[in-house]
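Good morning, colleagues. Please look at the sequence and the model on the screen while I take you through a few of the features.

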Amino acid sequence: MNNNLISGIIPSHPAIEAESDVHVVKSRLEWGEPAFTILDVRDRSTYNEGHIMGAMPMPIDNLTERAIDSLDRSRDIYVYGTNQGQTAQAAQLLRSAGFEHVSQLKGGLGAWKAIGGPTEGIIESRTPPGADDYNVVSRIQNHLENQQRN
């Protein structure tokens, strides 16, 4: 008999891909899935201007040291940077340091904002909300459409 009380109740999430679409991460956030981290590897001032809500700042210059000190190596990690090159470099650094589940977030912050993902930061706080930000029905419809694409 399995003594794990939540076994069979909470479905396990499949292993993350080497590259992930922003819809996948947004879906995981919306469903409240635990045990994953979003890392922003851009410099701190750029991070302060605007970033994915809840993303941890870990500039690429000291990424490996900070990640080793603060993250479990088996945790799901989504990483994004200034561009795809920086994102790929950061993902490779993490994998080389022994992190098992690292995924590059395709399109980074721009793609995240394009699908209405939540953001925060100095510039983001000055950006007025979109037309459907307060319309629950519209947000659910957008979510369902995004799920059908995946």
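Predicted model: local features only at pLDDT ≥ 70, side-chain atom pairs only at ≥ 80, totals over all residues.

S20 counts as buried because its relative accessibility is 5%; buried here means under 20% relative accessible area, with a 1.4 Å probe and protein chains only. Residues are numbered from 1 along each chain as its sequence is written, and side-chain values use heavy atoms, with hydrogens and water left out.

S20 belongs to strand β1, residues 19-20; strands are DSSP runs of E with at least two residues, helices are runs of H or I with at least four, and both are numbered from the N terminus. What does S20 touch, leaving aside residues up to four places away in sequence? The partners are Y78, S103, Q104, L105 and K106, where contact means heavy atoms within 4.5 Å. With S103, the side chain of S20 forms a side-chain to side-chain polar contact at 2.5 Å. A polar contact is a pair of N or O atoms within 3.5 Å; within protein, one must be able to donate a hydrogen and the other to accept it, and residues adjacent in sequence count only if both atoms are side-chain atoms. The C-alpha atoms of S20 and S103 are 6.0 Å apart, although 83 residues separate the two along the chain.

Helix α1 spans residues 22-30, and its buried residues are V22, H23, V25, K26, S27 and R28. After α1 comes G32, with a positive phi near 70°.

I turn now to a pair of helices. The axes of α3, residues 63-70, and α4, residues 84-96, come within 10 Å and cross at roughly 50°; these axes are lines fitted to C-alpha atoms over the stretch in contact, with angles from 0 to 180 degrees between N-to-C directions. α3 is therefore oblique to α4. On the α3 side the contact is made by L63, T64 and A67, and on the α4 side by A90, L93 and L94.

Finally, the whole chain. Seven helices and seven strands make up its elements, and 35% of its 150 residues count as buried. Among contacts with a separation of 6 or more, 65% join residues 24 or more positions apart.

Terms used
Buried < 20%, exposed > 50% of the residue type's maximum accessible area, 1.4 Å probe, protein only. Parallel < 35°, antiparallel > 145°, perpendicular 65-115°, else oblique.
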